[in-house]
Amino acid sequence: KGLSNITCSEYGWGTIYKSENAQNLEETGKQAAVRHTRDMNSPDIQELFIRNQQYLESIIQKCNERNIKVILITTPAYSSYVQNLDNKQLKSTTDYLNKVDSVYPNCIYYNFLEHPAFTAEDYYDADHLSEIGAKKLSLILNTISKSTNNEKQ
């Protein structure tokens with residue numbers, strides 16, 4: 001139909017989550033948390049979780065063989081999103097990522113979910129940063145990337 005699904009610049013910078021079009025952070029927080037919640041007791045979800053862990057660890061191991069560092073992050077989210085997340089699902093995910101961080105010497109995990117540097121003005125909606133927040137996170141990640149040369153290994 002002559003339409004493009006590309007929503008980023010040639011450099012990978014997102015082009016649709018603009019601060020001037022910011023959404024209601026309270027409403028979108030509740031909606032997104034519900035949309036992202038899975039039944040952690042479901043055999044299908046457990047199987048998916050385990051399979052994704054295996055994929056991730058395979059990538060980390062291949063990177064380790066090539067002396068490549070892996071930085072895993074949980075991106076910032078607005079408080080209405082965080083407050084409505086399923087605590088069991090969140091804990092399961094963050095516990096796993098912290099474990100991966102401690103097991104693999106080439107892997108570092110940073111949890112920015114509730115990072116105090118991010119304010120309402122940094123969000124497009126409750127679970128997506130606007131271009132303002134994305135720039136802030138990019139600068140933080142740039143600093144981290146430069147400093148990882150001296151960490152672990």
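## Salt bridges in the predicted model

A salt bridge is here a side-chain nitrogen of Lys or Arg within 4 Å of a carboxyl oxygen of Asp or Glu. This structure is a predicted model, in which local features need pLDDT of at least 70 and side-chain atom pairs count only at pLDDT 80 or more, whereas totals for chains, interfaces and linings use all residues. Residues are numbered from 1 along each chain as its sequence is written, and side-chain values use heavy atoms, with hydrogens and water left out.

Three salt bridges are present in the structure. One of them joins Asp-95 to Lys-91, with N and O 2.6 Å apart; both residues belong to helix α4 (residues 87–103) and are four residues apart, about one turn of the helix. Helices (H or I, at least four residues) and strands (E, at least two) are DSSP runs, numbered from the N terminus. In helix α2, Arg-51 and Glu-47 are likewise four residues apart, and their closest N and O atoms lie 3.6 Å from each other.

Asp-122 pairs with Lys-136 at 2.9 Å between the closest N and O atoms. Asp-122, at 3% relative accessibility, is buried, while Lys-136, at 29%, is partly exposed; buried means under 20% relative accessible area, exposed over 50%, and partly exposed in between (1.4 Å probe, protein chains only).

## A buried glutamate without a partner

Glu-57, in helix α2 (residues 43–65), is buried yet has no salt bridge, and the nearest side chain of opposite charge, that of Lys-99, is 4.5 Å away. Apart from neighbours within four places in sequence, Glu-57 is in contact (heavy atoms within 4.5 Å) with Tyr-96, Lys-99 and Tyr-104.

## Strands and overall fold

The chain contains five helices and four strands, arranged from the N terminus as α-α-β-α-α-β-β-β-α. Strand β1 runs parallel to strand β2 (residues 107–111), to which five bridges join it, two strands being paired if DSSP finds at least two bridges between them. Within this pairing, Thr-74 stands opposite Asn-111 in β2.

Key. Lys and Arg count as positive and Asp and Glu as negative; His and the chain ends are not counted.
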